[in-house]
Structure formats: C-alpha cells, structure tokens
Amino acid sequence: MSYVDGFVLPVPADRLAEYRRIARKAGKVWIEHGALQYVESVADDLQPDGQVSFPRAVRCKPGEVVLFSWILYRSRAHRDRVNARAMADPRIASMGPEKMPFDSKRMVWGGFRSIVSV
C-alpha cells in the first residue's frame, strides 16, 4: 500500500499566486526525486456542519484561504528516501520558512499509511 504526506495550511489570499509558484517548483523537485504524485488544492467548499473545520484547525484569519495538499509515495521507506533527497536539493534548501508566503507554524502536517485504495 502507498504512503501519503498530507498538509493543511492557511495562505493569505493575496499571496496565493506566490504560493502557487513556489508549490510548482517544489512539486517538480519532489517528482524528480521519485514522488508518485504532488497535489496542491485550494478550499472551495468548507461547510463543517458541527465538525472541526480545516479553517479552525489552522486558525485561519480573515483574508486567508485554506490549502489541502498531499504527496504520494510507494511506501514510508520510499517517502523517507524521496524527502531526504528533495530536502537536500538546493532548490528546496534555499526555501527557508521565512521565505514562505504563509505562517508555517499554523500548518498541519502528517504522514499516513494507506489502508484502502480503490
């Protein structure tokens, strides 16, 4: 079964184009180093109906949008190898948290082992 790194983060709406440029660059790096898929998605329908919402989870502020993103790998071991190579790549190493167009301290992240794949 596959392995997924998942991310939810708030991005100021007026910096979404900047985020997209960085994400495209990062996605190319991850794919070059072996990731199977790299996806960045902006929220379109967030109606939690009594549930804990993505905006609440990342403490979304007025003027921010929520991004839901994931990177797909063959396995956790594959993810660990790809991430090590991607993070050492100078194109990524030059992108410190201070250069990101969002508050990385409010990003929610985790690695997930697949249990169902249809």
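Modeller: Buried means under 20% relative accessible area, exposed means over 50%, and partly exposed lies in between, with a 1.4 Å probe and protein chains only. Helices (H or I, at least four residues) and strands (E, at least two) are DSSP runs numbered from the N terminus. The model is a predicted one: local features need pLDDT of at least 70, side-chain atom pairs count only at pLDDT 80 or more, and totals for chains, interfaces and linings use all residues. Residues are numbered from 1 along each chain as its sequence is written, and side-chain values use heavy atoms, with hydrogens and water left out.

Colleague: How many residues of strand 1 are buried?

Modeller: Strand 1 covers residues 3-12. It is largely enclosed by the rest of the structure, because the buried residues in this strand number nine of the ten.

Colleague: Which pattern does the protein chain follow along the sequence?

Modeller: The secondary structure consists of four helices and four strands. Read along the sequence, these give the pattern β-α-β-α-β-α-α-β.

Colleague: What is the order of the strands in the open sheet?

Modeller: Two strands pair if DSSP finds at least two bridges between them. The pairing in this sheet of four strands is antiparallel, and the order is 2-3-1-4. At the edges, each pairing on one side only, are strand 2 (37-42) and strand 4 (108-113).

Colleague: How many bridges join strand 1 to strand 3?

Modeller: Strand 1 also pairs with strand 4, in the antiparallel sense and through six bridges. Strand 2 and strand 3 are likewise antiparallel, over six bridges. For strand 1 and strand 3 (residues 64-73), the number of bridges is ten.

Colleague: Which residue of strand 4 stands opposite Val4?

Modeller: Val4 lies in strand 1. In strand 3, the residue opposite Val4 is Leu72. In strand 4, the residue opposite Val4 is Phe112.

Colleague: Which residue of strand 3 stands opposite Pro12?

Modeller: Elsewhere along strand 3, Val66 stands opposite Pro10, and Trp70 stands opposite Val39. The residue opposite Pro12 is Glu64.

Colleague: Is Gly6 buried or exposed?

Modeller: Gly6 is found in strand 1. Contact means heavy atoms within 4.5 Å; leaving aside neighbours within four places in sequence, Gly6 is in contact with Ser69, Trp70, Val108, Trp109, Gly110 and Phe112. At 11% relative accessibility, Gly6 is buried.

Colleague: What angle does the direction of helix 1 make with that of strand 2?

Modeller: Axes are lines fitted to C-alpha atoms, for helices over the stretch in contact, and angles run from 0 to 180 degrees between N-to-C directions. Helix 1 (residues 16-32) packs on the sheet and touches strand 1, strand 2 and strand 3. Its direction and that of strand 2 make an angle of about 165 degrees.

Colleague: What is the phi of Arg59?

Modeller: Most residues other than glycine have a negative phi. Arg59 is found in the loop between helix 2 (54-57) and strand 3, and is exposed, with a relative accessible area of 51%. Its phi is positive, near 55 degrees.

Colleague: What is the radius of gyration of the protein chain?

Modeller: The radius of gyration is taken over C-alpha atoms, and the globule rule is 2.2 Å times the number of residues to the power 0.38. Along the principal axes, the C-alpha trace spans about 35 × 35 × 20 Å. A compact globule of 118 residues would have a radius of gyration near 13 Å, and the chain agrees with this at 15 Å.
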